[in-house]
Amino acid sequence: MKNPVVDAWYADPESRVYNDTVYMYVTNSLPFDDQLNLDLVTTTDLEHFEVYHNILDMSTYHGAYRAIWAPTVIEKGGKYYIVFAANDIHSESEVGGLYLGVCDDPHGPFRNVFADGRPLINAIYHNAQPIDAHFFKDTDGTIYLYYGGWRHMMVCKMNDTMDGFEQMPMPSYGDIAREITPADYVEAPYVMKIDGKYHLMYSSGDWKNGTYCVKAAVSEDPCATFEYYGDVLRAGEIADGPGHNSAFCFKGQWYVAYHRRTIGDLNANHRKLCIDRLDIVDGRLAPVTMT
């Protein structure tokens with residue numbers, strides 16, 4: 001395996017393993033007006049990679065026309081559900097937000113769950129921009145949706161039919177979203193479970209430069225505030241601005257998928273898809289060595 005894993009500008013990888021294949025759903029790292037769809041990168045050996053373009057049926061997502069960002073995918077009942085952000089909305093009067101799609105195949109094409117083409121979340125709860133969604137499936141099968149920009153992180157609990165939300169414990173916003181923002185949070189949540197505890201990785205700093213990094217936090221409850229305990233990915237001699245990551249276990253080893261930039265390259269969209277080993281030491285996520 002060599003980094004970057006493909007020769008393309010990609011960011012915000014959401015990684016999953018299905019049938020011994022690693023799937024990485026990615027943002028096309030382009031100017032916002034040119035971000036018109038999402039791509040998928042797959043591998044069966046972490047050495048050879050295949051790219052699938054345009055995995056969304058955009059005709060079904062009404063009003064989504066730019067800034068197609070940061071996908072998350074989860075399997076339930078033999079179907080694959082995707083959530084992604086569109087249009088970089090800054091108010092509830094704008095069309096866009098987080099859209100929900102579904103497909104019988106993890107490759108797509110994903111079509112909107114809703115026949116009328118509406119987004120899943122258009123509201124801006126507690127000043128959390130509806131971007132950077134992440135699905136987490138707990139060991140009991142419950143699926144949570146984490147999301148949020150503008151330094152606010154929200155959590156929702158998906159309903160059994162995967163087309164809406166269960167009511168969240170108070171305090172919550174709109175009865176469906178609860179804020180659980182950890183220290184120095186900016187965006188890009190990712191949750192995993194280790195020894196019965198919930199571990200959160202999230203991005204801090206500015207995505208446009210070398211200050212971007214990934215921090216880790218832990219909680220006893222997936223719907224409670226996470227306590228920061230260390231940095232997982234930081235700029236170094238290899239690369240600048242590593243961030244917006246996910247993790248996956250492949251053949252018994254954990255890995256982190258993330259994007260980073262070349263030191264000295266000031267083009268904000270020049271982000272590259274990378275994979276490195278993720279170790280768990282004494283029940284916590286250890287700092288990642290970029291290679």
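A: This is a predicted model, and a place to begin is Glu187, which is found in strand β14, covering residues 187-194.

Q: Is Glu187 buried or exposed, and what is the nearest side chain of opposite charge?
A: Glu187 is buried and yet has no salt bridge; the nearest side chain of opposite charge belongs to Arg271, at 6.6 Å, whereas a salt bridge would need a nitrogen-to-oxygen distance within 4 Å.

Q: Then what does the side chain of Glu187 make a polar contact with?
A: Its partner is the side chain of Tyr212, and the polar contact between the two side chains of Glu187 and Tyr212 spans 2.5 Å.

Q: Changing topic, how many aromatic pairs does the structure hold?
A: There are 13 aromatic pairs in the structure. One of them joins Tyr23 and Tyr25, whose ring centres are 6.4 Å apart with the planes at 15°, so this pair counts as stacked. Both Tyr23 and Tyr25 are buried.

Q: Which cluster do the ring pairs make around those tyrosines?
A: Ring pairs link Tyr23 and Tyr25 with Tyr18, Tyr80 and Phe110 into a cluster.

Q: And what about Phe84 and Tyr99, why is that pair stacked?
A: The ring centres of Phe84 and Tyr99 are 5.8 Å apart and their planes lie at 15°, so the pair is stacked. It links distant parts of the chain, since Phe84 belongs to strand β6 and Tyr99 to strand β7, 15 residues apart. Phe84 is buried, with a relative accessible area of 0%, and Tyr99 is buried with a relative accessible area of 0%.

Q: Where do charged ends sit over rings?
A: The charged end of Arg118 sits over the ring of Phe114, 3.9 Å from the ring centre, and the charged end of Arg284 sits over the ring of Tyr229, 4.4 Å from the centre of that ring.

Q: OK, on to the largest nonpolar core: which residues have the most contacts inside it?
A: That core has 28 residues, and those with the most contacts inside it are Ile121, Phe135, Leu145 and Tyr147. Strands that each supply at least two residues of this core include β5 (69-76), β6 (79-86) and β10 (143-147).

Q: Last one, where is Asn269 found?
A: Asn269 is found in the loop between β19 (253-261) and β20 (272-277), and it is buried, with a relative accessible area of 16%. The C-alpha atoms of Asn269 and Leu30 are separated by 5.5 Å, although these residues are 239 residues apart along the chain.

Definitions and conventions: Residues numbered from 1 in each chain as written. Predicted model: local features only at pLDDT ≥ 70, side-chain atom pairs only at ≥ 80, totals over all residues. Heavy atoms only, no water. Core = buried A, V, L, I, M, F, W, Y, C linked by side-chain atoms within 4.5 Å. Buried < 20%, exposed > 50% of the residue type's maximum accessible area, 1.4 Å probe, protein only. Helix = DSSP H or I, 4+ residues; strand = E, 2+ residues; numbered from the N terminus. Phe/Tyr/Trp six-rings, centres within 6.5 Å; stacked < 30°, edge-to-face > 60°. Lys NZ or Arg CZ within 6 Å of the ring centre and 35° of its normal. Lys, Arg positive; Asp, Glu negative; His and termini not counted. Polar contact = N/O pair within 3.5 Å; in protein donor to acceptor, adjacent residues only side chain to side chain.
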